[in-house]
Amino acid sequence: MTEPLPRRPGVIAGLVEGLRLLLRGFRVWGTRPRLMLLGLIPGLITLAIFIVVEVFLFASVGAISEWLTPFADTWAEGWRVTLRVAVAVGLIAGSALILAYTFAVVTLTIGQPFFERISLAVDDELGGVVEAPPVPLWRSIVRGIGEAIAILAITILTGVGLFFVGLVPVVGAVISACIGAFVGGWFLALEITAVPFQRRGLSLSQRRALLGARRSVTLGFGVSVFLLFLVPLGAVLAMPAAVAGGTVLARRTLGEPTPPSAR
């Protein structure tokens, strides 16, 4: 049985509600600590891979910015340094978006059985759900990877755009970081809620439409997750809670019963 779809909140109220949903996910640590600990394992595996990538990126960002701007070799030192710092900032802003989303995709793929259990536990505690006919695990993984690649292509294009925005003097870095957080938050919300939505047999286009109908709430949730992903070890610790909170978000968008504390 579903409840009437909740009235769309204002922008600020929606952002706050999205943050509260993530906090609701963290509270699952108190009720299902062992299950949530299992949810750390995929993130730790992914982190080991991404540390190598991030160390290489940050160690090479200066050389990459020089390689991209050979025309500035003859400029005055002040202008040359300013340009290359702006290029480096643009590279970091664009790569942060791509890395955050890719981390979520890889972690969810590696740990699908763990995160499926976390999401199912939250659904059961909130009243259960009428599940779609079961899909073989391999088919679910293949579909998830296909959808993730489609979103990743858009993420990469957005990252390139953020790179160029970051080149704008003075305000470019701030604007690029803000856009990156909101765009990254949206894509992360799409990916994280795939677990509960797929259990209900809903496709990427369907969950995009559902989450878009309550965009401010979705962004409040997704941007909060994105910012935590930028904190050292934040992505690993936040991932189980994000899946739990994303399950509550999915229920809210579908008008399914949730306890008052999750609203």
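This is a predicted model: local features need pLDDT of at least 70, side-chain atom pairs count only at pLDDT 80 or more; totals for chains, interfaces and linings use all residues.
"Buried" here means under 20% relative accessible area, exposed over 50%, partly exposed in between, with a 1.4 Å probe and protein chains only.

Residues are numbered from 1 along each chain as its sequence is written, and side-chain values use heavy atoms, with hydrogens and water left out.

Next, the overall picture. I find 11 helices and 0 strands in the protein chain; these are DSSP runs numbered from the N terminus (helices H or I, at least four residues; strands E, at least two). Buried residues make up 46% of the chain's 263 residues. I also checked contacts (heavy atoms within 4.5 Å): of those between residues at least 6 apart in sequence, 81% join residues at least 24 apart.

Then α3, residues 40-68. This helix bends by about 50° at V61, taking the angle between axes fitted to the seven residues ending there and the seven starting there. V61 is itself buried, and so are P42, F50 and L57, among others in α3. The cover over the buried residues of α3 includes α1, α2, α4, α5 and α11.

What lines the second largest pocket? I get 18 residues, with E54, L99, F229, L230 and V231 nearest its centre. α4 gives the most to this lining, 6 residues. The pocket's volume is about 360 Å³, meaning the space filled by probe spheres set on grid points joined across faces, edges and corners. A pocket is an open set of points on a 1 Å grid over the protein atoms alone, where a 1.4 Å probe fits, with protein on both sides within 12 Å along at least five of seven lines; lining residues have an atom within 4 Å of a point.

Back to F229: leaving out residues up to four places away in sequence, F229 touches A100, F103, A104, L188, A235, A238 and M239.

Last, A148, in helix α6 (residues 137-165). Buried or exposed? A148 counts as buried because its relative accessibility is 3%. Beyond residues up to four places away in sequence, A148 touches Y101, V105 and E191.
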